[in-house]
Amino acid sequence: MLKDLFVPNAKPRPGVFLTMVACQVAFLLLLWLFYPLQLFPTLGEVVASFKDLVTTQGLIQELWASLTTALGALGIATVLALLISYLTALPFFRPIAYAASKMRYLTLTGLTFFMALMVSSGHQVKLSVLIFGATVYLVTGMTSVILTTTQEEMDHARTLGMSEWRSFYEVVVLGKLDEMLEVVRQNFAIIWTMITLVETLYQSEGGIGLLLYKQNRYLHLAGVVAIQLIILATGALQDYVFEFLRRTFFPYSELRAAK
Amino acid sequence: MTDFSYKEPILTLRDISMQFGGEVILRDISLDVLNVVRPGLSQGQVVGFYGRSGIGKSVLCRIIAGLLPPTTGTVLVADPPRPVCPGDVGFVQQRYPLFDHRTLLDNLLVAAGRKHAPAEAKARAEDFLTRFDLAPHRRKYPAQLSGGQRQRAAIAQQLLCSEHLIILDEPFSGLDIAMIDEVKKIILEVTTLDELNTVVIVSHDLATTTALSDTLWLLGPERDAAGQCLAGATISKQHQYNLAQMGLAWQPGIQARPEFVQLIEHLKDEIRKT
Ligand SMILES: Nc1ncnc2c1ncn2[C@@H]1O[C@H](COP(=O)(O)OP(=O)(O)OP(=O)(O)O)[C@@H](O)[C@H]1O
Ligand SMILES: [Mg+2]
């Protein structure tokens, strides 16, 4: 039972495993409660500051605003990136995907300046920077998924009498949708970290990033920790939502994984 | 002796050779599969295709299926003959690929739907599910099937949408006796369904395959006058066996006949030599 937790690749019962996780978390919290570090705020301070943030600063609303912006940007970026990567089937469009993927190396600061010149409102600048940032990462991930297509898979579709386009649709588009969702999940973290940064550049819009920035500036260490924990928890939750989506819509996708 | 004659070509290989980055795999392969006619029957063709592992059988199959352009030469199919295109020839690949994102039933339906109206496609898919013992597994994904189940599913998928020509790359390996019988029965059924139906069977199981076939191909290296092996394998004239002319085709229970046993021994020797 307990020794299962220390055997390689063992499969402890879910109950046992969850209890173990709960114990580990409780242990960390207790450690924090009874052995406060210098400088680092205590658990009590963080909880108090969390309450304060929620009641006076509208933490929940700001979080919601950031989340919806991030999801909106992610939606648009996903559509764009899918288009660009699927178009790599046509040699004519391959340079676009290549270029898009290399744009990962551009820094945001130079970019925001250009975006500000191009679009009018602060919200749009924010959104377009996020979309750009996400798209270039998504294209990178998605094209590499497409490149995992094997000769055998394509030949299989062709021998069934499918045209080149139909084979591509069947094998690459339908066959790899689950992996595309996984790419989106992995890269959502990039948007989620980028948005806090962008919000400090365009302060008119508020958002969780601006809140964090203010706490930082006034040296509210407890507030900073509280917000960081919230950001972390939201991110983890999003991960679970994506996992859930994947399991619901693509039940076949985890059949091969080692259990 | 059974009465038969030959008519128009169904599959023609002209001077096929294949190199991968300078390594010669196949050389000077020229063959015809002719429509064999038996009075009062619609008799299709069965070709048994042998050769050592790694000699180039699967490569030649991909060339015949139009999936791999040969370095030189052409493959002609249909009547009047024209160069092969992907999709003209059904091909069950050696590793039995299926669409992993579709259930077993969906895999069959998508294939059947290429040639038949939905209701008809459904009926045909169901028929194959029962015959291949796959009916209880229809909702499973390919990753949940056993090796043999995958194999039967892949064969069924090709049979559901193929035209006259179909290549089976190792259809018997990994199947139990009952399932080998079922696959044999289906091959016989396919080849007696239409005059033009032609099945090429790549196999290491000489007895099973030879008993089904009316033609054999043996792919192997050739020696020149000095006895040196030439680079690349070919199917020479003496390695194309016409079992119909030898009186060894289309006979149930042929496996017990001494001529048949002799032929198998001869084939084994020839394969060992290569
Ligand atoms: N794409 C490729 N590039 C380079 N070499 C290849 C390629 N495909 C096949 N070969 C080579 O061609 C040779 C023949 O391969 P093939 O798969 O046709 O063998 P086979 O006769 O089907 O063997 P088996 O009975 O084991 O399936 C092998 O030596 C293989 O390494
Ligand atoms: Mg092979």
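Predicted model: local features only at pLDDT ≥ 70, side-chain atom pairs only at ≥ 80, totals over all residues.
User: Start with chain A. How many helices and strands does the secondary structure come to?

Analyst: Chain A comes to 11 helices and 0 strands. Read along the sequence, the pattern is α-α-α-α-α-α-α-α-α-α-α.

User: And what does the C-alpha trace of chain A span?

Analyst: About 70 × 60 × 25 Å along its principal axes.

User: On to the interface. How many residues does the contact take from chain A and from chain B?

Analyst: Chain A puts in 19 residues and chain B puts in 25 residues.

User: Which residues in chain A lose the most area to chain B?

Analyst: A:His156, A:Thr159 and A:Leu160. Together they make up 31% of what that side buries.

User: What is the area buried between the two chains?

Analyst: About 2,000 Å² is buried between chain A and chain B. Carbon and sulfur atoms give 58% of that area.

User: How many salt bridges cross the interface of chain A and chain B?

Analyst: The rule finds 3 salt bridges there. As for a salt bridge between named residues, the side chains of A:Glu170 and B:Arg102 meet in one, at 2.5 Å from N to O.

User: Which elements give two or more residues to the chain A side?

Analyst: Those are α7 (151-159) and α8 (164-174) of chain A. α7(A) gives the most to the side that touches chain B, with 7 residues.

User: How does that side divide by class?

Analyst: The side of chain A that touches chain B has 8 nonpolar, 5 polar and 6 charged residues.

User: Change of topic. How much space lies in the largest pocket?

Analyst: About 520 Å³.

User: Which residues lie nearest its centre?

Analyst: A:Thr88, A:Ala89, A:Arg94, A:Ile146 and A:Leu147. They belong to a lining of 20 residues.

User: Which elements give two or more residues to that lining?

Analyst: α4 (94-102), α6 (122-146), α7 and α8 of chain A. The largest share of the pocket lining, 5 residues, comes from α4(A). By class, the lining has 10 nonpolar, 6 polar and 4 charged residues.

User: Which residues line the largest cavity?

Analyst: The lining is B:Ile155, B:Leu159, B:Ile166, B:Leu168, B:Val183, B:Ile186, B:Ile187, B:Val190 and B:Val199. By class, that is 9 nonpolar, no polar and no charged residues.

User: Where in chain B does the lining come from?

Analyst: α4 (147-161), β7 (165-169) and α5 (177-193) of chain B each supply at least two residues. α5(B) gives the largest share, 4 residues.

User: Now the backbone. Which residues does a cis peptide bond join?

Analyst: B:Asp79 and B:Pro80, with omega about 0°. B:Pro80 lies in the loop between β4 (72-77) and β5 (82-83) of chain B.

User: And B:Tyr96, is its phi positive or negative?

Analyst: Positive, at about 50°, although B:Tyr96 is not a glycine.

User: Where does B:Tyr96 lie?

Analyst: In the loop between β6 (89-92) and α2 (104-112) of chain B.

Key. Residues numbered from 1 in each chain as written. Chains lettered and ligands numbered in written order. Heavy atoms only, no water. Contact = heavy atoms within 4.5 Å. Buried area = accessible area lost by both parts, 1.4 Å probe. Salt bridge = Lys/Arg side-chain N within 4 Å of Asp/Glu carboxyl O. Nonpolar A, V, L, I, M, F, W, Y, C, P; charged D, E, K, R; others polar. 1 Å grid on protein atoms, 1.4 Å probe; cavity = no way out; pocket = protein on both sides within 12 Å on 5 of 7 lines; lining within 4 Å. Points joined across faces, edges and corners; volume = space filled by probe spheres on them.
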